[in-house]
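I keep these notes to record what I looked up, entry by entry. Each entry takes up one part of the structure.

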Amino acid sequence: MVPVRPTFWNIPTPSEIAQYILGLGVAIFLVWAVLRHIQCWRKGASEPLPPLGRQVWRESIRRLVRFVLVPERLREDLYGFVTHLAIFWGMVFLALGTIIATVDWDLFHLVLGGRLLSGLSYKLFELVLDLAGVALLVGLLLAIIRRYFWRPARLSVPRLPRDKWQSAVILGLLLTVAVTGFIVEGLRIRAGVVLSETAAPATADTGDLAEADQAVTVAATVRAWSPVGAVTSEAFRGLPLGTVRRLHLVIWWIHAIAAFGFLLLIPFTKANHLIAGLAHVIIPRQDGLPSAVSGDGEATPLRALTWRQRLEVSACTSCGKCQEACPAHLANNPLTPKGLVWGLHGLFMQDVWLGWKTLADSQNEQLWLSDEALWSCYSCRACEEKCPLAIRHTGLVVALRRRLVDRGALADGLQEVLVNLQRYGNSLGQSPRKRGDWTRALPFSVKNAAREPVEYLWFVGDYASYDPRAQQVSQTVARILHLANLDFGILYEKEKNAGNDVRRVGEEGLFEWLREENLKLLKGRPWRWLITSDPHSFHALRHEYGLGGCETSSKGAAARGERAEEVGSTLVTVGATENPSGTSVTDPVDRNGDDNGLRVRHTAELFWDLLSTGRLKVVRKLGRRVTYHDPCYLGRYNNVFEPPRAVLKAIGCDLVEMPRHGPESFCCGAGGGRIWMKDRPGSGERPAEMRVREALQLEGVSELVVACPKDLVMFQDAIKAVRAEERIRVVDLADLVWESVTPTPDNPATGYG
Amino acid sequence: MIRRILVPVEIYRNQVTDLTREVLAAARVVGGEQCEVVACVFGEPPPEAVARLQVADRILILRDGQVGQPVAIAQAAVLSRRLAQLGVDVVFVGSSSWGLDLAPLLASFVDAPLIANCQNLECTTEGLRATCRICAGKLLVDVEIGQRLAVVLLLSGSYARYEVPPGKGVIEKCEVAPEEWDARVTFLRWVEPAREDIDITQESTLVAVGRGIERQENLTLAEELAEALGGVVCGSRPVIDQGWLPPTRQVGKSGMTVKPKLYFALGISGAPEHVEGMKDAELIVAINRDERAPIFNVAHYGIAADLFDVVPAIKEALVARRQEV
Amino acid sequence: MMNIVAVVRLVPDLVEQLVVNPEEDNLDWDQTALTLNESDDHALEEALLVKEKHHGQLTVVAFDYGEIDQVLYMAAAKGADRIIKIAWPHPEPPNSLEMVGALGRLVPTLQADLVVMGCQSQTEFFGMAAAQLAARLGWPYVGVVRGVQNQAGGGWWKVFKEYPGAVLAEMEVQLPAVIGILTASQPPRYVPVSRIRAASQTARFETIDGMAKPEESAVNIRRVYLTPATSHAEMLKGTEEEVARRLVDLLVERGVLK
């Protein structure tokens, strides 16, 4: 006889019916729960989707593969990678198996009178599911070992009561499902073997039961195709058939209840990352910051989030990978990105389930969502880089900070800076008329781009204009541009802070005003390239100013030198998308570096262009061992990793990488407006000092190369703080370039150690 | 020609304030020998106080009742009724918290012009010439007033070092009827901050820190220097506002005025409000990264460098010196 | 309901270098950037605190000179109920006498219980507006005040007058009164730019003509000039060690080392 799946063998009809009813009930509940989730997501503020086209859906599929099917973010954590793949694919196949089995029985057998799974298809079915069950079991055991025996900090700190019971229950239920699954299979096979050894059926019933017994007997003959089941069945050797049958029914029910239990718990626990995470990964999204939710400073933190943010928050599994990377957390600040998102997750769950207390960690939330914690963020995105669910923590911090700003609950020192920005256009409270004074020390004059046309419009930035240490670097950059014979100019007193950090601090209105003021100068002026040495300004200009955000400009137009006039005049007006009362729509952003007519360049990119095209010639190779610090806003935010390295190589420097380099670069601690805020007393070593120590570990490296004026200032202070002035100094990329290209060798860059 | 200058006396903590003594000296210097300097005391003064008024030719004591209460508006009203009969030409008032209320009110009550923020004065045949310092000390205005009753608010500092001979010191008492007293403002009590043991005005060496110290932890740098010098640490207003030092350590216009032998200013820019509190120190040494900081206009010696570099070096040099000796 | 009036003034912004006019009898007001007078900023904050605590109505008054509108939008965004501009169509800002005159005419029409303004302004040298306004109105006055909030009962209000060394004089004033604020009970609050911009759309100002008249003072200005830097420290140069040694030598010479 052809082996078929002996579904419902030994299961009395009432049980069978009960199971169907329960199953239906669970399904209905799940559907309702998902609808309830969707309802609560939609309560969030609006956030527009990007224009939906084929490109966008391709992106979604790519993300599905990258984050769900083969989670790339876990690859560095090989143990976790294997664990998750095992559990995930194990469950996927088992779930598929259940579906196929249901179709096989309910549709094919009961309705159509045939069989889907028979013979070879049945054998393969059994094999695959056995392997899936093994994978699941192995994955679960790995998970249990890590969570309960090794106890890594990211899982156990901070103490999450809600997480504790959830993890235990979910792991317990799944383990039960896996183990009982094999036991049931073993018992079924044992029964089949016993039946095949006795001539007559053991029950007096006829009809279906006899048929079922026959099926199970035949199925037992191919038990080699269910290897684990076969091995398990040996454990029941010697048990009388009646015992086997009774045990089988009981374990079958346990298995069913455990499975239903798990399904029921999905919408209440972090297991809903199966739904929310999937949705978050697939649904297309804007990469920029969402628009400001209009003022309700006192409402719960959840009210500050858009629907998209609510969605991503409910996908969090409290894995803690974000926390391991967070410089604020490592510097003992009250911020924990894990607590932040998990806390919001709890609030969201409470919202969904009508205030059920155990679904939040209210005591801890005070801490995780406190003003102090929110102000501690450096907006460096190290957390986002690590998150396996691509949750955007910095967006959440900005949304919550907007609430604080609305209430006037500003961090210490911030109010003065914001007032200075409003009055003087710079964060340092200096006279705007002195913004261009740093050019006076140069032996040539720098054009005023506000008055005459220039090809390279150089947006200098606050620190590069006013801080004496950063001013020297600006002068060096000017010398390089002059040497390369570029037609460049600066905006002098008309330039205002680009507003990047203002936005991260949550003062959206001030950001919009600064942007308007700057755009008055940038629009309608025929420049070809907008350059800056400040990565913060670079990011804002490239992504949040609507410049070069030309849907019409193709990649080709951005190529250097092509169609200059056309490119120069295709400046987009931003005003069209904003309404007069000042609340803005999310700005279109292209994050993946496909320059969408992007004529905004950082000087590191520019230097590489100049060197690689020969417009600047290397006169001497420096031959020194250096290390390079990737600025957050140049590297992680904008994927500009290669050009500065190419420059260093071209000028003959031997680059030694710090352990945390490239996308893993460790923030200097100036971002997120933190450079403006007063320090918390006694918060331990600061990120910049930690970073300097990292650099000091490298053999024979005496220079830390930076490409950001804030990095320069932060690391100089840090070197003093750790008393390492003799061993290492900070030097800007421009200084090294100048040293390498200047015709007269008696103008060496001296560095600022 | 000024015939008579009246100086309202401020008594604070049972003492005639240093500023009042300076204003009396100024009255003598400006008015000249021919001018009669009248010191007007509100309420019966403590005996030691009278001794400090020796510069005056006449000491007018207004009494009784509440006249001694530091309620400027009521005292101004009482005084305003007597200026004409006293034949006063000019009233000199010190620019203290009390004086800043008294002078303008008095000027309005007698419909006399007010010259505020006055740095120095000169008597001419036509009247009075003054130089006023405004806009946080950045702007000077030379003004002139004809022969008529005027009220002058004098800033401290310009006349502090003048040695003037004592006047005749005739004491006169004058009764004030209770109805004259404007009871719409009353004084209840003094509210003192929590007092420390250290009174920085009595220290001969002070090490002051300003914003340039950047963080509270860096105070130890200043403390070590102070210890090596045998002095104590004090600070400018921003440092006190941050809570890094108690208010009793604040030097400046709204803090204490100090006159130590040695004053070290670390990371202090030299804003006028702070300078006012320490400019009379005998030796001022300033350390600031910015060589254009206004503190260098007040200091005797300056070092334009990072205090985190220099202060440890100074401390070491002091220790070395001590070991040599 | 209590009626509070706060007066705000613009003064030269000292971040910029001051420029004197060619005649040397005034500042070159065309080249002078203006900003809100610091003690008026505190006075406004104190007024807001009083309004919030005692459920009052706050009227903000200013002279229509320079970019006063921005300041007034900020005041509206912070919670001012009514905003009155006193017309001033002259090239130079009003002086103390002119202010006292205009405010002295305006305030009685407002049925105010309490007038707060900064006790000083950095361009005052022949008048002090806060105190002299009180005298003009015949109202009580206390200046250099930190905190005017607590009601002591029966129309009496407590004020704390600042004295050196963080000492305060606790006093009581009978309303109506003028209070000259030096610092507010808490630092002036921050109002987000989005609120100021929203206020600029919705806020309505009342402009009052003819209140202010040019007035001459008996004090004649002979000359206005920038303060010359009188002296400068002797700068010690060299390496840290050199400088430190030289300094210690100096201290010993001067006899200041113990």
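The entries below follow strands, a helix, a surface patch and several loop residues.

**Entry 1. Conventions.** I noted that this is a predicted model, in which local features need pLDDT of at least 70 and side-chain atom pairs count only at pLDDT 80 or more, while totals for chains, interfaces and linings use all residues. Residues are numbered from 1 along each chain as its sequence is written, chains are lettered from A and ligands numbered from 1 in the order in which they are written, and side-chain values use heavy atoms, with hydrogens and water left out.

**Entry 2. Strand β6 of chain B.** I looked up helices and strands as DSSP runs numbered from the N terminus (helices are H or I with at least four residues, strands are E with at least two). Strand β6(B), residues 90-94, has five of its five residues buried. From β6(B), V90(B), F92(B) and G94(B) point one way, whereas V91(B) and V93(B) point the other way.

I then asked which strands pair with β6(B). Two strands pair if DSSP finds at least two bridges between them. Strand β1(B), residues 4-8, runs parallel to β6(B) and is joined to it by two bridges. Within this pair, I5(B) stands opposite V90(B). Strand β10(B), residues 150-154, also pairs with β6(B) in the parallel sense, over five bridges. There, V152(B) is the bridge partner of F92(B).

**Entry 3. Helix α2 of chain A.** How far apart are the end C-alpha atoms of α2(A)? They are 21 Å apart, which agrees with the 22 Å that the 16 residues (54-69) should span at 1.5 Å a residue. The expected span is 1.5 Å times one less than the number of residues. I listed the buried residues of α2(A) as V56(A), E59(A), S60(A), R63(A), F67(A) and V68(A). Their cover includes α3 and α10 (276-282) of chain A.

**Entry 4. A nonpolar patch on chain A.** I found a nonpolar surface patch formed by W89(A), F93(A), L96(A), I99(A), I100(A), L116(A) and V128(A), with about 560 Å² of accessible area together. Helix α3(A), residues 78-111, gives the largest share, five residues. L96(A) is found in α3(A) and is partly exposed, at a relative accessible area of 42%.

Entry 5. I checked the loop between β2 (11-12) and β3 (15-16) of chain B, the place of R13(B). N14(B) is found in that loop too. R13(B) has a positive phi of about 55° although it is not a glycine. N14(B), not a glycine either, has a positive phi of about 60°. Are these residues buried or exposed? R13(B) is partly exposed at 45%, and N14(B) is exposed at 54%.

**Entry 6. Two further loops.** I located G230(B) in the loop between α5 (219-229) and β14 (232-235) of chain B. G230(B) counts as partly exposed, at 33% relative accessibility. G230(B) and L206(B) are 24 residues apart along the chain, and their C-alpha atoms are separated by 8.8 Å. P176(C) has its place in the loop between β9 (167-174) and β10 (177-183) of chain C.

Note on methods
Buried < 20%, exposed > 50% of the residue type's maximum accessible area, 1.4 Å probe, protein only. Patch = residues over 30% accessible without salt bridge, like charges linked within 9 Å, V, L, I, M, F, W, Y side chains within 5 Å. Areas by Shrake-Rupley, 256 points an atom, 1.4 Å probe, with all protein chains shown as cover. Salt bridge = Lys/Arg side-chain N within 4 Å of Asp/Glu carboxyl O. Contact = heavy atoms within 4.5 Å.
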